[in-house]
Every structure is written in C-alpha cells, then in structure tokens.
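Me: I would like to learn how to read the features of a model such as the one shown here, one feature at a time.

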Amino acid sequence: KQWYQRRVRGFLFLSFRKREIKKIRKLEGRMKSIHVLLVFTIGLCFIPSICAQSQKEALLEFYYSFGGNNSFLGWNITDNECNWLGVTCSGNGDIIAFTINSTIGNGLEGNIPDSFGTLVTLQTLIIRQNRLYSFPTSFQNLTELTFVDLSQNLLNGDLPSLGYLTKLVHLNLSTNYFTAFPIELGNLVNLIFLDLSNNALSQPLPSSIGNHVNLQHLSLRDNELWGPIPAEIGNLAQLVHLDLSVNKLDTLSIALQNLTNLRTLFAYSNYFNGSIPSWIGNIVSLQALDLRTNEFFGQFPLSLANLVNLNYLDLNNNDINDTFPGFLSNLTSLHYIDFSGNNLYGSLPPSIGLIANLSHLNLDSNFFTFVPDEIGNLTNLRTLILSN
C-alpha cells in the first residue's frame, strides 16, 4: 500500500512537471519572438557591432545620396565613420552629433534618405546653408535629439511631425519654405530656443505656442501669420527675446505684459492699430522695443516712462499725433530713438538734453518747429536727422 501511494504521488508530480515545463517552454518561445522583434524595431542596437554597422550604412546612404566623392564631404569610406567630416561619436562609438555647414556654392542638394532615422543615438543635428528639400518621416525616430539646426535650406510644405522629439531644447528651421505648424509642435515643452523665421507660415499664430513654457528665444519674423496674438503667449514666462515682425498680425495681446523677463520685443511691419497700449509700460525688463511700420495712432502712453531699462525705441512710420514725449528724459539708458514718419509737432522739449547716452536720433518727416539749445548736451550723439 505504501509502495502504491508513492508511485501515484510520483506519477502526479511528473505529470504536473511536464505540464509546467511545456508552459514555460511555450512562454520562452514567445519571449524569444518578442526579443527578436524588439531588436529589429529599434535598429539592432542591443548588439553593438550590428548597431555600429547599421549607423555606418545609414551614413553611407546619406553620402551617396548627395554625390558621394563628388560632394565636398570627401569621406574615406574605408575609415571608421567617427573620423568622417561632420561626424562626432561617443566613447563607445555611438554617433551623437552630425554637423554639416557648407560654404557658398558648395552645398548638398537633395533629400535626406529614410535610413537617416536609424541614427537613434543622435543628439545634435546641424545641416545649415545647403539645398535640402525634405527630410523623412523616420526623423521622428531620433528621440535623443536635443539640438537641431536645418536653417537656410529649401525645406518646404508643412512642418514635419516633431512631437516625438520631446528632448529638443533648440530648434532652428529658419529660412526655408514651410507653410504650416504641426499640432504636435506643442509637445516640445523643453524647448528653450525656437526660430521659424523667414518661412511661408500662413495661418493664425496657434494657441499651442503657450505650451512652450521654457522658451527664452522665439522668432517668427518674416512669415505670413495673421490675426491676433493669442493670449496663451503670456504663459512664456521665461521668454527673453520675441520677434513677430514682418507678418500680418493685427492685435497685440495684453498677455504680453506677463512676460516679466522679456528684453526685446520686435513686432514691426504688421497691421497693429489703435493707440500704443499702455500695458507695454508694465514690461519693465524691456531693453529694446520696435513697433515701426504699423498703424498706431494717437498719443504716446505715459507708461513708457516705466521702461527704465530701455535702450532702443523705434516707432517710425506710424501715425502718432503728439508732441515729443518729455518723459523720455527719465530713460537714461536710451541710446537709439527713431520717431520718423509720424505726425509729431511743436517744439522739442529742453529735457531732450538729459538723455545723456543718446547716440541716434531720427525725427525725419514730422512737424517739429523748434530745436532747443539743450540738444547740444547730447555729447554722445552720432546721428541726428531733422530733415523734412
């Protein structure tokens, strides 16, 4: 009886073991399949030698796409790719930077090949002043990128989807032919520098611009943006430089007064109209204010006297109808004033002589009738224009 019980228990144990072993082997098989899939999905970079080969092949395709030995790159393809012009590698051989700046008349022309998206360790990408027409959708795989400069090329159409590149802190796509913002651009919340100037962006400025709360530099100059500046721009509390010039914008947002770190506000050559808003005087950090060539009229707001850090003030080519603002004598840092092309009238005030650091004064094309002797106190003046 005892012998029989032991045999039964042994049989049950072995049956259990066989069933469990089958399950384990089946699970192992699935895990191997998943492992193989992952290896191929992210570019075979679990295996350093295969990863290195993959990145070299991607660079070679880039090289031959732009003329190979006939290009200015001049890579020795038998050499290690880390020694090639423009390529920087980490200590373990991963490509972390790719920098190509052409000289005039000696640039790359064509499209970046799709395989470029396999350079998944890339952190810095600079291809400036060339003739690139497009870059591939695989660009979104380069999720380690922190610095991108593709300015001064021929890139065109809608801005590509960059929403996956969440580590980006610097993005310069200026001087191209992009026509629209992608919605995903608002995902790049770590951006510090964004330059999309000199493109063909034709739309209202999207409210998602307010997502970039870490931005310090924003330039959208020389596009075809239209409509009002969205209130969400007031979220950019770290912003130091803002350039919205040469667009078709028509309303300054009062939310701009929230930008307490702003030093330069350039919004010239737009369709802003009405009186110059008094809340501009609340941006006391301003050092440069350029609102020329708009449709402002009326009088100077007294709040401009609050801008004690201002050194550059350009309001030329508007329709301001006022006398010269005597309160500017409080702005002792001012060295540049241009009020030309307005409807200013009367005598220049004697207090003009107190703007001791003034080096440029342009009052051309107004209706002033008298210049006081005190203007002679401006011993730093280099340019004085009182014509017309």
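Me: How many aromatic pairs does the structure hold?

Reply: Rings of Phe, Tyr and Trp (for Trp the six-membered ring) are paired if their centres lie within 6.5 Å, and planes under 30 degrees apart count as stacked, over 60 as edge-to-face and the rest as tilted. By that criterion the structure holds 13 aromatic pairs. One of them joins Phe135 and Phe139, a tilted pair with 4.6 Å centre to centre and 45° between the planes. Before going on, note that this is a predicted model, in which local features need pLDDT of at least 70 and side-chain atom pairs count only at pLDDT 80 or more, while totals for chains, interfaces and linings use all residues. Residues are numbered from 1 along each chain as its sequence is written, and side-chain values use heavy atoms, with hydrogens and water left out.

Me: Are Phe135 and Phe139 buried or exposed?

Reply: Buried means under 20% relative accessible area, exposed over 50%, and partly exposed in between, with a 1.4 Å probe and protein chains only. Both Phe135 and Phe139 are buried, and of the 388 residues of the protein chain, 46% count as buried.

Me: Which residues touch the most other members of the largest nonpolar core?

Reply: A nonpolar core is a set of buried Ala, Val, Leu, Ile, Met, Phe, Trp, Tyr and Cys residues joined through side-chain atoms within 4.5 Å. The largest one has 95 residues, of which Phe62, Phe98, Leu171, Leu328 and Phe339 touch the most other members. Phe62 also belongs to a cluster linked by ring pairs, whose members include Phe98, Trp75 and Phe116. With contact taken as heavy atoms within 4.5 Å, and leaving aside residues up to four places away in sequence, Phe62 touches Leu73, Trp75, Phe98, Leu108, Ile112, Pro113, Phe116 and Ile127. Apart from this core lies another, of five residues, among them Phe266, Tyr268, Ala288 and Tyr312.

Me: Where is Ser208 found, and why does Ser208 count as partly exposed?

Reply: Strands (E, at least two residues) and helices (H or I, at least four) are DSSP runs numbered from the N terminus, and in this chain there are two helices and 25 strands. Ser208 is found in the loop between strand S10 (193-195) and strand S11 (217-219). Ser208 counts as partly exposed because its relative accessibility is 24%.
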